Amino acid sequence: MKSQIIIFLIVTIFISSCDEPSSENNSNTPSEVLGRLMGQQSEIFDFELVQDDKKEWFKLSIEKERVKVQANSQIALCRGGYDYLKNECKGLISWSGNNINIPEKLPAVNRKVETPYQFRYYFNVVTHGYTTAYWDWNRWEKEIDWMAVHGLNMPLIGGAHEAILARVFHSMGLAQNDVDHYFSGPAHFPWNRMGNLNGWDGPLPDSYFDKQIELTHQILDRMYALGMTPIVHAFAGFVPKGIKKLYPNVKVRELGWGGGLPSDYNAYILAPDSPLFIEIGSRYIEEWEREFGKATYYLADSFNEMDVPEADNPAQQLEELAGFGKSVYESIKKANSEATWVMQGWTFPYHKDENGELFWTPERLQALVSEVPDDKLLILDMANEYNHDFWKIDPSWKMYDGFFGKKWIYSFIPNMGGKVPLNGILKTYATIPEQALQYHDRKNQVGFGFAPEGIENNEIIYELLSDMGWRETKIDLDRWIENYSTQRYGDYPEQLKLAFQQLRESCYGTFTDHPMHRYQFRPYSKPEGVEDHATVHQSDKFMLAVNTFLSCSDELKDNELFVYDAIEIVVQGLGLIADQKLLNVIDVYENGREADLDEVMEILLVIDRLLASHPNHNLQRWVDFARSWGETSSEKQYYESNAKRLITTWGGDPVNDYSGRVWSGLIRDYYVPRWINYYKDPNGNKKQGMRDWEENWIKTPGVSSISPYENPLQVAMETFAKYYKDKY
C-alpha cells in the first residue's frame with residue numbers, strides 16, 4: 001500500500017509538471033519571433049523567463065559568447081532581444097524592411113530596462129478598416145511579430161465581432177434580410193461597430209463569417225501565446241432596424257453621424273433601460289467566449305463622434321448618460337464578472353455641441369462612467385498630440401481629473417485615414433508623455449500607446465513611440481535620431497544629420513491632422529479654410545531637407561531602407577511642386593482659358609512609377625489582399641470594390657477622398673484620369689459626371705500594370721533636381 005502511494009505521488013508530480021510549461025519551454029516563443037524576423041542571426045540569443053509580479057522588465061548580458069535575455073514576460077523577452085539588436089548591433093525592424101547585421105564579436109552589454117506601464121497599447125478601431133481590413137494570416141503574423149519586438153502587449157483588434165453578433169441576432173429570431181442589412185462591407189466595419197452607420201456597402205458574401213472566425217482564432221492564439229492582452233469588441237447597443245418587428249414595444253433611437261451617408265444607412269441604438277440591452281450584450285459575450293475562450297477587456301463605444309440622446313433638462317440628461325454607461329457595463333458583467341469595459345476617449349475633447357462648445361464636460365463624462373466600478377473601466381485617452389498641438393487645450397487626463405479614478409491609457413493618434421505624407425511633431429512625441437507620469441493627480445494610469453488610423457507610414461514616429469513605452473523620461477531627440485539613422489541606414493553622415501534637422505524644422509516640426517495634396521482632391525473641391533487647397537506641409541525648409549537628404553545617396557545608396565525613404569521624401573516634394581502647378585492650371589481655367597494639364601500629370605506619373613519600387617505604397621497590394629477573401633469571381637470583385645471605395649469616395653461628401661493614399665496605381669489609375677476627365681468633360685454637369693466616373697472606377701476590377709524604374713533612386717534624384725533647380 002505504501003509503495004502504491006509513492007507511485008501515485010510520483011505520477012501526480014509528473015503530470016503537474018507537464019501542466020505548467022517550464023521557463024525553458026516558454027522561451028521558445030521569443031526565439032520563434034526573432035527567428036522569423038532575423039533568420040539564423042537570431043541564434044545569438046538565449047532567453048530565460050523569470051517569474052515575478054513586477055512591472056515588465058528585461059535584462060541583457062553576454063554569457064559564453066551569447067546574448068542572455070532575461071525577462072518576466074514573453075513580450076519583455078522579445079523587446080529585450082530587439083533592444084540588443086537596436087542599441088548594440090545598430091539594427092532595425094520596420095514595416096518596409098529590416099536592417100540586420102550582427103557583428104562577428106558580440107558587443108558587450110549589461111543593462112536592465114523596466115517599463116513604467118502595465119500596458120503598451122496599439123491600434124485604433126478604424127485601423128481595422130484603413131489598414132488591416134483584408135489582411136491574411138501571413139500579414140497578421142508579421143504584424144504580431146512587429147508588435148512583440150516593439151514591446152506592445154495590448155492590441156485592440158476587430159476580431160470576429162460581426163460573425164459572433166450575427167449568431168446572436170439569429171438566435172433571437174431576426175430574419176436573414178434584417179441581419180444582412182445591418183452589416184456593412186468589411187472595410188467599413190469599424191464605423192458599423194461604433195454605430196456610425198448600418199449596411200453601407202453590404203451585404204456580405206455568405207462565406208465571410210467562417211473565414212473571419214478562422215482568422216480570429218489564429219490571431220488570438222498567437223497573441224495569447226505571447227502573453228498579450230488583446231482588447232476585443234462588446235455589444236454597445238446598436239441593433240438592426242428590423243428589431244422592431246420582433247419587439248414592437250422596444251425603445252430604439254435612430255442615430256445620425258456626420259459622414260454624409262443617406263439616412264437609409266443610419267444606425268439604431270437601444271434605450272439604456274431596455275431589457276434587450278442587457279440580454280443581447282450578455283448573449284454576445286457568452287457566444288464570443290464559447291468560440292474563443294474568456295477575454296478580459298471588451299471595447300464598446302456608444303457615442304463616438306455622435307450626439308447623445310436628447311433630454312428635457314440637464315439633470316435628466318446626466319441620468320440617461322449614467323444609464324447608458326451602466327447598461328453597457330452590466331451587459332458585459334452579466335456574462336463575465338471579471339471583464340473590464342474599454343472605452344475610446346477620442347470623442348471627449350473632439351465632440352462639440354450645436355453652439356460649438358465642448359459637449360463632454362467633466363460633469364457629463366463623470367455621469368457616463370458613474371455606475372461602473374473604478375477597476376472595471378479602462379479609458380483610452382487617444383489624442384494627446386491633438387490636445388497639445390492642434391486644439392491647444394489641456395490634456396484630457398487633466399481636464400477630466402485623472403478620469404475620475406478609472407483606469408486609463410495615455411495614447412496618441414499619429415495618423416488619420418492611413419495618409420502617407422511625413423507629418424507630426426517629433427518633439428511632442430518624445431517629451432510630453434513624461435508630463436502625465438509626473439502629474440501629481442494622474443490617479444490610475446495603467447498604460448501608454450498609440451492609436452493610428454492607418455499604419456505603414458511615418459515609420460520614424462512609431463519607432464520613437466515604441467521606445468517611449470519603455471522609459472519614464474523624455475527622449476533626447478538629437479541622440480535618438482543619430483541612433484535611428486545608424487540603425488536604419490547603417491550610417492549617420494553630416495549631411496544626413498543636417499537633413500534630419502531640416503525635417504524637424506519643417507514636416508516633423510508641424511502637425512496637420514489630415515495632410516493631403518491638392519491633386520488628391522476632386523478638381524472642383526476646395527477644403528474649407530485652406531487657401532491653396534492642400535494640407536501637406538509646404539515650406540522652403542522642407543524642400544531644402546529633400547535636397548540635403550538626397551545628397552547622402554552616394555554613401556547610402558546600397559541601403560534598401562534609405563532608398564525607400566528617399567523615394568517617399570522625393571514623392572512628397574514632387575507632389576508639392578505638382579500642387580503648385582495645378583493651382584496655376586486652375587487659375588487659367590477659371591479665367592476662361594484652356595488649361596494645360598500635361599506637365600502636372602507627367603510629374604504625377606513619375607511619382608506613381610517611383611512608388612512602384614516601394615514595398616508598402618501600392619494599390620495592387622491592397623487589391624490583392626481584398627480579392628484573396630473571395631471564393632468566386634463575384635466575391636473577389638465585391639471585396640475589391642469595397643476596398644477601393646474606402647480609400648477613394650468612402651461614402652460620399654464630406655468624407656470623399658478622406659483616406660488620401662499616395663500610392664502607385666491609385667495615382668495613375670484614379671487621380672490622374674480624374675483630373676483629365678474633369679477638364680475634358682463635354683457635358684455641363686461636371687460634378688455629377690465626376691461622381692459617376694468615380695463609382696465606375698470603384699466597380700471596375702483590376703489595376704493597370706507598370707514596370708518600376710530600374711534605378712528609382714537615380715530617377716528620384718534627377719527629377720527632383722530638375723524642379724528644385726528651377727525654383728531654388
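Trainee: Which strand do 3 bridges join to β9?

Mentor: First off, this is a predicted model: local features need pLDDT of at least 70, side-chain atom pairs count only at pLDDT 80 or more, and totals for chains, interfaces and linings use all residues. Residues are numbered from 1 along each chain as its sequence is written, and side-chain values use heavy atoms, leaving out hydrogens and water. Strands are DSSP runs of E with at least two residues, helices are runs of H or I with at least four, and both are numbered from the N terminus. The strand that runs parallel to β9 covers residues 297-299, and that's β13.

Trainee: Moving on to α25, how many of its residues are buried?

Mentor: This helix spans residues 560-590 and reaches 44 Å from its first C-alpha to its last. Buried means under 20% relative accessible area, using a 1.4 Å probe and protein chains only. α25 is mostly covered, and out of its 31 residues the buried count is 23.

Trainee: Which residue caps the N-terminal end of α25?

Mentor: Look for a side-chain oxygen 3.0 Å from the backbone nitrogen of Leu561. That oxygen belongs to Asn559.

Trainee: Is Asn656 buried or exposed?

Mentor: Asn656 sits in the loop between α28 and α29. Its side chain makes a polar contact of 3.2 Å with that of Arg522 (N or O atoms within 3.5 Å, one able to donate a hydrogen and the other to accept it; neighbours in sequence count only if both atoms are side-chain atoms). Another one, of 2.8 Å, goes to the side chain of Asp657. With a relative accessible area of 11%, Asn656 is buried.

Trainee: What kind of pair do the rings of Phe348 and Trp360 make?

Mentor: A search of the whole structure finds 63 aromatic pairs, meaning ring centres within 6.5 Å, counting the six-membered ring of Trp. Planes under 30 degrees apart count as stacked, over 60 as edge-to-face and the rest as tilted. Here the centres are 5.4 Å apart and the planes are at 75 degrees, so the pair is edge-to-face.

Trainee: How many residues apart in sequence are the parts this pair ties together?

Mentor: Phe348 lies in helix α14, and Trp360 in the loop between α14 and α15. The parts tied together are apart in sequence by 12 residues.

Definitions and conventions: Two strands pair if DSSP finds at least two bridges between them. The expected span of a helix is 1.5 Å times one less than its number of residues. Buried means under 20% relative accessible area, exposed over 50%, partly exposed in between (1.4 Å probe, protein chains only).
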